[in-house]
Amino acid sequence: MQRIHIASLVFISALLTDLAGQGQPPMPTELFQTLEWRSIGPFRGGRSAACTGVRGDRDTYYFGGCGGGVWKTTDAGRTWKNVSDEFFGGSIGAVAVAESDPNVVYAGGGEVTVRGNVASGSGMWRSTDAGKTWKAVGLKDSRHIPRIRVHPDNPDLVYAAVLGHISGPNEQRGVYRSKDGGDTWQKVLYANAHAGACDLVMDPANPRILYASTWRIIRTPHSLESGGEGSDLWKSTDSGDTWQKITGNKGLPEGTTGIIGIAVSPVDHERVWAIIENDKGGVFRSEDGGDTWAKINSERKLRQRAWYYSRIYADTQDVDVCYVVNVGFHRSKDGGKTFTSIRVPHGDNHDMWIDPDDSRRMIESNDGGANVSFNAGASWSAQDNQPTAQFYRVITDNHFPYRIYGAQQDNSTVRIASRSSSRRGIGERDWEPTAGGESGHIAPDPRNPDIVYGGSYGGYLSRRNHRTGENRNVNVWPDNPLGWGGESLKHRFQWNFPIFFSPHDPEVLYSASQFLCRSTDEGQSWQVVSPDLTTNDKSRQRPSGGPITKDNTGVEIYCTIFAAAESPLERGLLWCGSDDGLLHVSRDNGGSWKNVTPKDLPEWTQINSIEIHPTHKGGLYLAGTRYKLDDMKPYLYRTLDYGKSWTKITRGIDPWHFTRVIRADPKRQGLLYAGTEWGVYVSFDDGARWQPMQLNLPIVSITDLAIKEEAGGGSDLIAATQGRSFWILDNLDHIRQLSAGLAQKDLHLFTPEPSFRMAGGGGGRGTGKNPAAGVEFRFQVSQAMLDTKSEIALEIREDNGSLIHRYSTKSEKKDKKLTVTKGINRFEWDRRYEGALQVPGMILWAANLSGPSSVPGKYRAVLVNGDNKLEASFSIRKDPRTEASLEDIQVQFNFLSAVRDKLTETHEGIVRIRDIRSQVEGTLKKVDKATETKELLTLGKDLQGQVTEIEEALYQTKSKSRQDPLNFPIKLNNKLGVVSGAVARGDYRPTDQAAAVAAELTKSIDKQLHRLRDL
């Protein structure tokens, strides 16, 4: 199957859109080709609502992330690999494997867990090679597919339960059937435009019998409604050709019904369970295939927050065992009459699969990922191997390395290092919980990043002191609103309300409800500094949940300030955008406010983020979303006059990629970055046109972006995602240097970003990936230049011009060979000078032969092609954390250079010794062993003995394998190499004793080398 990366399709779409608008062509994508996003974690799972195993294969399982795509394990959950990234992404609502052919796998986009940050999908996908490749197979406008069922004997006969649009009417709802593997679909069950199919069960004993439930579910920005007309239970006995509504059958509850989960026992297919949301709901059971029912359990623990759970499963081998997933994971051994809880790695459980042949083997998914059990839930596989966390926002601090902060949905907040000094990457030791809860903004104190403020739903605001471990509640108004609608609250705090420091005064902390609030004493007291800056529409502030079950967690609290900022360019210039479509500005520190909402911004648009123009006073960018109004279009605006006039700037963005965030580059005028539901875009002309900047980033919702200028170092773009944790794009300086004309140049050398003299690199296999450990060089080479086959060389020089390294396309040495291709080339220098000469086959223990690491300062890169020389200056910075002075580092460098040179001299001597020995041996083989040659033989053997004696003093020749030095004592070169390794660790000048040992060893080496020269 031909692979077409979805990002390429997006780019083509954007290009066609741009050409249609008669604009200039976008920046050539080949200029980006050496840049790469790196996943930094954290490696802990996020929400999953779909999972399955493979019958007959105990080690292979799949799960769908709510934003993170499809994942597969072939070792029973010890490791997981994403298998959808090259083809599709987003939220996954269902995954199914054909029992008759496990190579056939179906995935349906869009989760059934329709919480406030619910994400939709991109239709149905099919793989015929167990997830290696995928093909889109229709139902593109389904948005949410909660169930897929495949005929047990025919992998091409497949059914899909389509929930459809959750924020508006949609005709593509109901149950669909395909007889050709998804090439064509037939709608076989339809309730109405507001009620889609949410559960679908195939009778294991008779696949012609199907049960389905339809559900009226509506989510708007201010409400969730579960239940009403169209919420019903259905049965088909003819493979879906016809359906009978059985909601009114004897024993089922009357009145308004909501979500319904269904299960059929494989042991007795007449036994059917249903868990029903209803005022008189609970668990119901039928012993006659759904004709009559009896209510057997009404416990609230099984049906609390029914819209978020309500799924039931039948054991595959015991007719009396069934499971219900909810906040807890529950099992019944008496047919559903009573349930006991089973401990799972994470709460909020959404789906499970039970092996038809061994009911002790199962997989279940929850708000922390997916986990596998082989003992019916007594123990489970881990969830710390799934980088599928959902983050709402991202912010950085002033620590070095800088740390990234975010609130993970249904988990703790986190602060995680942007890089580590470990070559294994960014691991668990590099992150920790911080202030706040699962849904909030976070604000580290700019003066002391160990003091952190974090929010969460209900107006919760905490101050955490990481040094002491103390947490303090500093809520603006600590009146817990749980269970209440917004209409009754003095302060309406959104689930994800803003918290930020003034860029002018680090003692000023802001927070926002419908009012902007300010504290100057670390949250001890708060002052309201604005009127209500929302519509304050009381009809949109009522309790949420629907006609059956209320659900007031704070997600639907509406008419609130959703984005706010103070201009770094003007003290007291405050901006506030609301979730109900209003933007206000104050130019007098909150004394007065003016409504400056763009006139063509559609009503009720959620102003999701705002960005102060980095250089233009009165300039602002805003990103709006309307997806909860069933409007997927992007909304980006720019003003340069304090909101008096606005320009819409969305050309080039896919019309289905609704926008969540916009950020302005602080160093290049007009360079903008936008995060959308399906990826990242960039604009080089202040939003006049956009183009994708997806690169290797998964197709995932970008919830926030942050630009970090490391003091004295490089520049990064950090992305918070909904389903794939945090990602960093290093080297924004490269993007800042781009221009369309570069693609036509024969040769061009980019100025490298500054780098830090510190260890690192590596990662990416179960840990976050570090940035490049060395200095990255990028240069452009045209095809015409390659066709000349002339030499291209990259020289790295000290600032005074002294050559450090020369890498060339014509070099015969492997370590000096420069490989060049058409377009942008990337080359990484490890910042080290030449190392000591290495002798093939030499066994050394803990010896350092590497060249010394470069001293912080200025250097030059020179790209050479004949007489054409392109030069760029770059810097290597000192690690700000080191205790060493520049003088200390220079002394260390000089010492290591001298040791390296002595080791090279030593090894050259050993090479010479071996050459002498070889020559003598060759000569002695040629001479006649007559009496007159005895003197020559004696001389030759004496010479051999002397050089061998010297070699054995310099090097332990008996060592032939790695651990032989434990048996044969190390000699002079090894000992000096060990001193080099000890001194090279860290940024310190050599200790006096290290210098003394090195001098002693050098003296001994010189004695042997003098003997060799005398010979």
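## Reading charge pairs in a predicted model

Mentor: Let's start with the inventory: this protein has 8 helices and 64 strands. Keep in mind that the model is predicted.

Trainee: How does the radius of gyration fit a compact globule?

Mentor: For 1015 residues, a compact globule would come out near 31 Å, and the protein has 34 Å, which agrees. The C-alpha trace spans about 120 × 75 × 60 Å along its principal axes, and buried residues account for 62% of the chain's 1015.

Trainee: Now the charges. How many salt bridges turn up in the whole structure?

Mentor: The general idea is that side chains of opposite charge can pair when their charged atoms come close. Here, a search of the whole structure gives 63 salt bridges. Take Glu776 and Arg826, which meet at 2.6 Å, N to O. Glu776 is in strand E59 and Arg826 in strand E62, so this pair links distant parts of the chain, 50 residues apart.

Trainee: Is Glu776 buried or exposed?

Mentor: Buried, because its relative accessibility is 18% and the cut-off for buried is under 20%. Arg826, at 38%, is partly exposed.

Trainee: Which residues are linked in a network of salt bridges?

Mentor: Asp397, Arg403, Arg415, Glu432 and Asp450.

Trainee: And which residues form a positive surface patch?

Mentor: Patch residues have no salt bridge and over 30% relative accessible area. In this model Arg587, Lys594, Lys599 and Lys644 form such a positive patch. Arg587 sits in the loop between strands E44 and E45 and is exposed, at 51% relative accessible area.

Terms used: Residues numbered from 1 in each chain as written. Predicted model: local features only at pLDDT ≥ 70, side-chain atom pairs only at ≥ 80, totals over all residues. Heavy atoms only, no water. Patch = residues over 30% accessible without salt bridge, like charges linked within 9 Å, V, L, I, M, F, W, Y side chains within 5 Å. Areas by Shrake-Rupley, 256 points an atom, 1.4 Å probe, with all protein chains shown as cover. Salt bridge = Lys/Arg side-chain N within 4 Å of Asp/Glu carboxyl O. Lys, Arg positive; Asp, Glu negative; His and termini not counted. Charge placed at Lys NZ, Arg CZ, Asp CG, Glu CD. Helix = DSSP H or I, 4+ residues; strand = E, 2+ residues; numbered from the N terminus. Buried < 20%, exposed > 50% of the residue type's maximum accessible area, 1.4 Å probe, protein only. Rg over C-alpha atoms; globule rule 2.2 N^0.38 Å.
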